[in-house]
Amino acid sequence: MTITSSTTALRAVEPALPDVDRDRAIAAAADLITALGRDLDTENLRETPRRLVDALLELTSPVEFSATTFPNSDGYDELVLVRDIPFQSLCEHHLLPFRGTATIGYLPGDRLLGLSKVARVLEYFSRDLQVQERLTRQVAEWFEREVQPRGVGVVLEAEHLCMTLRGVHAAGTSTVTSAFLGTLAQPGAHRRQFGLEVAP
């Protein structure tokens with residue numbers, strides 16, 4: 001796909017979002033809280049089903065944006081690397097958050113992406129019921145498709161509350177996932193800048 005204009009609408013190339021029945025979701029949340037033995041007639045819990053549903057909708061509703069690109073008129077051919085981008089998402093297995101930081105970089109082709117949009121792409125795909133491995137791949141594939149770089153790399157490091165607050169209670173652990181496409185699929189100096197490889 002060739003980008004011919006200065007902006008590309010992200011939503012136009014992504015699947016449609018699911019239909020949401022907010023009233024039904026609130027009723028289901030009320031049923032769940034009641035089934036857990038809690039009394040929804042108390043002042044503190046009366047509005048909890050609505051609050052829960054609205055919070056989940058906020059966390060799973062991507063924010064549309066236009067991916068502004070610029071001509072690479074100076075022929076910049078080194079790595080564009082953005083580090084320590086904070087992100088959070090919801091684990092689709094337990095509906096508990098996972099959160100951390102990302103390093104995203106690409107070797108430009110004919111276009112450069114506006115720097116703020118690097119974080120916007122990550123935020124867009126984070127606003128869903130996710131697994132970290134898929135999120136990593138989605139961001140990398142978006143860059144490959146929409147920016148058409150010579151190579152792209154995405155590294156996510158996150159704490160999963162489904163692992164640290166429950167189950168094994170492994171506080172302080174983090175999970176690292178990566179996706180490297182194009183030129184960056186091969187080990188080398190550019191890959192080492194992501195911090196996952198040791199120089200020979």
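This is a predicted model: local features need pLDDT of at least 70, side-chain atom pairs count only at pLDDT 80 or more; totals for chains, interfaces and linings use all residues.
A crossing of two helices is termed left-handed if the near helix is turned anticlockwise from the far one by less than a right angle, and right-handed if clockwise. Residues are numbered from 1 along each chain as its sequence is written, and side-chain values use heavy atoms, with hydrogens and water left out.

The protein chain contains six helices and eight strands, taken as DSSP runs numbered from the N terminus (helices, H or I, at least four residues; strands, E, at least two). From the N terminus on, these elements follow the order β-α-α-β-β-β-β-α-β-α-β-α-β-α. Of the 200 residues in the protein chain, 37% are buried (under 20% relative accessible area, with exposed over 50% and partly exposed in between; 1.4 Å probe, protein chains only). Contacts are defined by heavy atoms within 4.5 Å; among those between residues at least 6 apart in sequence, 69% join residues at least 24 apart.

Helix α3 (residues 115-126) passes helix α4 (residues 132-146) in a right-handed crossing. The contact involves Val-118, Val-121, Leu-122, Phe-125 and Ser-126 of α3, together with Leu-135, Gln-138, Val-139, Trp-142 and Phe-143 of α4. By class, these residues comprise eight nonpolar, two polar and no charged (nonpolar: Ala, Val, Leu, Ile, Met, Phe, Trp, Tyr, Cys and Pro; charged: Asp, Glu, Lys and Arg; polar: the others, Gly among them). The axes of α3 and α4 come within 10 Å and cross at roughly 135° (lines fitted to C-alpha atoms, for helices over the stretch in contact; angles from 0 to 180 degrees between N-to-C directions). The arrangement of α3 relative to α4 is therefore oblique, given that angles under 35 degrees count as roughly parallel, over 145 as roughly antiparallel, 65 to 115 as roughly perpendicular and the rest as oblique.

Positive phi values occur in two loop residues other than glycine. Leu-95, in the loop between β3 (80-91) and β4 (97-107), has phi near 55° and is partly exposed at 42% relative accessibility. Gln-148, in the loop between α4 and β7 (151-160), has phi near 50° and is likewise partly exposed, at 33%.

Val-176 lies in strand β8 (residues 175-182) and is partly exposed, with a relative accessible area of 42%. Beyond its neighbours within four places in sequence, Val-176 contacts Gln-132, Val-155, Leu-156, Glu-157 and Leu-196.
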